[in-house]
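The following note is meant for a colleague who is meeting this structure for the first time. Please read the numbered points with the model in view.

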Amino acid sequence: MMEESNTTPAPNTYQLPEFPFNPDPFYKDYTSNNFYGNHTPILIDNGSYECRAGYVGEINPRLAFRSLIAKVRTRTSGVNETSIYVGNDIKDSEIVKLGARSPFDQNLVYNFDWQENILDHVFSRLGIENDKIDHPILMTEPICNPIYCRKHITEMFFECYRVQSVCYGIDSMFSLYHNTPSLPKNSLIVSSGFTCTHLIPVNDYFFQPTNCKRLNIGGFHSSELMRKVLQLKYPYHRNFVTPTRAQLLKEGHCYISENYAEELSKYGDKSNDSQVHIIQLPFVEQMSAAKIEEERQRKIQTRKDQGQRLKEYSERKRRDKLAEQEERLANYREISNLLKERDNAGYERLEVEGFGNEDELGA
């Protein structure tokens, strides 16, 4: 439920969420930290929604940002310049305005130039400013990643960054090994991503790629469903329900039901308000009829003033142009009189004014 009010919020009333603008930090301690010079691998979790990067051995990634690229072209001092913004450097309100794009199509990288911009962002924010990356790279990739995609990524690492070595792995398998101390011999992994979900069977400690199943349903689709449902139910508040806000609402107020029929029966009981969350939109004060009429008269007067200024400007331009033409006519008449007297000064001024002979001046 969405409301627009300035009254005291009810216990289950929440503010409309906003995506925080927190640009990624620059780590300046590269040459002084424990990872410099000992070839500690850099782990890059290259997700279609979010990219996370850091050093192997650290508990939390140093960088976590959305996999988005925005290019802004500006012209400074007659020179065209292109500025590139990556991930958290892009404000959520400017994603559409700047035309932010992702290097991913579903969960596969298809634009390798944009992927290179993301890798540049990772290494620069980690503080690595050398002409080569003196660290092995461990990078995640989707299941059954096409050879074409892996080839271009590998080529980029070795030719652009001159890395020592590259290793690829599946994030869900890493998660299984990390979160299961006593690894079972057989298991089934349900890996739900941003754009798709994979079912991965593990047999004898190895996953079976031939038996993997892919479902083209992920977190993006549930967020998009949330956005469309809210916009359909509250058409007057369509502009407030942006894709990012719909995702934040889903993550903050939704959950997976273990018993759908039982959960649905709870919503049929109107006396049960514990399941109802009210999202309060920004309050916009309604103007009274007197204020509306005052604002209308102010706009009318503003348009009149603008019209009067434009009229005065046009009249001033007309007078200036008329004075310039009269001055030019007087000059031509003076030249004509000098020519009639066969004065050499008249021929000189005739040439200065750009006329070839007396006939052109007369025309």
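**Notes on the predicted model**

1. Glu-293 has a relative accessibility of 35% and therefore counts as partly exposed, a class that lies between buried (under 20% relative accessible area) and exposed (over 50%), computed with a 1.4 Å probe on protein chains only. The side chain of Glu-293 meets that of Arg-296 in a salt bridge, at 2.8 Å from N to O. A salt bridge here is a side-chain nitrogen of Lys or Arg within 4 Å of a carboxyl oxygen of Asp or Glu. Arg-296 is partly exposed as well, with a relative accessible area of 42%. Because the two residues are 3 apart in helix H7 (residues 289-340), about one helical turn separates Arg-296 and Glu-293.

2. The model is predicted: local features need pLDDT of at least 70 and side-chain atom pairs count only at pLDDT 80 or more, while totals for chains, interfaces and linings use all residues. Residues are numbered from 1 along each chain as its sequence is written, and side-chain values use heavy atoms, with hydrogens and water left out.

3. As to the overall fold, the protein chain contains 9 helices and 16 strands. Helices (H or I, at least four residues) and strands (E, at least two) are DSSP runs numbered from the N terminus. Of the contacts in the protein chain with a separation of 6 or more, 57% are accounted for by residues 24 or more positions apart; contact means heavy atoms within 4.5 Å.

4. The radius of gyration of the protein chain is 34 Å, whereas a compact globule of 363 residues would have one near 21 Å. This radius is taken over C-alpha atoms, and the globule rule is 2.2 Å times the number of residues to the power 0.38. Along the principal axes, the C-alpha atoms fill a box of roughly 115 × 65 × 40 Å.

5. Of the 363 residues in the protein chain, 32% are buried. The accessible surface comes to about 24300 Å², and carbon and sulfur atoms contribute 52% of that area. These areas come from the Shrake-Rupley method with a 1.4 Å probe, and for residues only the protein chains shown count as cover.

6. Turning to charge, the protein chain carries 44 positive and 51 negative side chains, and the centres of the two sets lie 5 Å apart. Lys and Arg count as positive and Asp and Glu as negative, with His and the chain ends not counted. Each charge is placed at NZ of Lys, CZ of Arg, CG of Asp or CD of Glu. There are 14 salt bridges in the count, and Asp-45, Glu-50 and Arg-52 are linked in a network of them.

7. Helix H7 also holds Glu-324 and Arg-328, which are 4 residues apart and hence separated by about one helical turn. Their salt bridge has its closest N and O atoms 3.4 Å apart. Glu-324 is partly exposed because its relative accessibility is 44%, and Arg-328 is partly exposed because its value is 42%.

8. Arg-227 and Glu-224 lie 3 residues apart, about one turn of helix H4 (residues 219-233).

9. Thr-13 belongs to strand S2 (residues 13-15) and is buried because its relative accessibility is 16%. Thr-13 touches Ile-278 and Gln-280, leaving aside residues up to four places away in sequence. Between Thr-13 and Gln-280 there are 267 positions in sequence but 6.6 Å in space, C-alpha to C-alpha.

10. Gln-106, although not a glycine, has a positive phi of about 60°; its place is the loop between strand S8 (104-105) and strand S9 (108-109). Tyr-205, also not a glycine, has a positive phi of about 70° and lies in the loop between strand S13 (197-203) and strand S14 (206-207). Gln-106 is partly exposed at 36%, and Tyr-205 is partly exposed at 41%. Asn-145, in the loop between strand S10 (137-140) and helix H2 (147-160), is buried at 15%. Beyond residues up to four places away in sequence, Asn-145 touches Leu-108 and Arg-150.
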